[in-house]
Amino acid sequence: MIQFTRSISALTTLTAHAGVLRAKEIWLKKASHVASPEQIKEEGEKIWETIQRDTEVVSEMSEFDFSDLKEILEAQDSIDTSAPQNHNGGPPPPGGVPPPPPP
């Protein structure tokens, strides 16, 4: 009976190791595949489209209404931030004017 138990134990161990080896082989195949930035972007866009399609947008939560946020975000996106800002007439930089050089 002891030999039978050992045999069953050995078979169980071999089966477990075979499963681990198969999983390792599959993982190594996937890990060795190098995706290009375009492929990564395409896959990310597919996932994002799935999220947008399958997710229900909640515009009201408790007593807060978020339905106007889309308009605010679109208005912010339309502002041209690439042009340099003119800060003349604004507050002076922290610390004020530097002292004159020593004589």
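In what order do the elements of the protein chain run from the N terminus on? They run α-α-β-β-α, giving three helices and two strands; helices (H or I, at least four residues) and strands (E, at least two) are DSSP runs, numbered from the N terminus. This is a predicted model, in which local features need pLDDT of at least 70, side-chain atom pairs count only at pLDDT 80 or more, and totals for chains, interfaces and linings use all residues. Residues are numbered from 1 along each chain as its sequence is written, and side-chain values use heavy atoms, with hydrogens and water left out.

**Surface and burial**

- The protein chain has 103 residues, of which 0% count as buried; buried means under 20% relative accessible area, exposed over 50%, and partly exposed in between (1.4 Å probe, protein chains only).
- Its accessible surface comes to about 10500 Å², and 62% of that belongs to carbon and sulfur atoms.
- Accessible areas come from the Shrake-Rupley method with a 1.4 Å probe, and for residues only the protein chains shown count as cover.

**Salt bridges**

- A salt bridge is counted when a side-chain nitrogen of Lys or Arg lies within 4 Å of a carboxyl oxygen of Asp or Glu; by this rule there are two.
- Side chains of opposite charge can pair when their charged atoms come close.
- Lys-29 and Glu-25 are four residues apart in helix α1 (residues 2–32), so about one helical turn separates them.
- Lys-29 counts as exposed at 55% relative accessibility, whereas Glu-25, at 46%, counts as partly exposed.
- The other pairing is between the side chains of Arg-53 and Asp-54, at 3.5 Å from N to O; both residues are exposed.

**Surface patches**

- Patches are made of residues with over 30% relative accessible area and no salt bridge; like charges are joined within 9 Å, and nonpolar side chains (Val, Leu, Ile, Met, Phe, Trp, Tyr) within 5 Å.
- Lys and Arg count as positive and Asp and Glu as negative, while His and the chain ends are not counted; a charge is placed at NZ of Lys, CZ of Arg, CG of Asp or CD of Glu.
- A patch of negative charge on the surface gathers Glu-38, Glu-42, Glu-43, Glu-45 and Glu-49.
- Glu-49 lies in helix α2 (residues 37–54) and is partly exposed, with a relative accessible area of 48%.
- A nonpolar patch on the surface is formed by Val-58, Met-61, Phe-64, Phe-66, Leu-69 and Ile-72, which together have about 570 Å² of accessible area.
- Ile-72 belongs to helix α3 (residues 69–78) and is partly exposed, at 40% relative accessible area.
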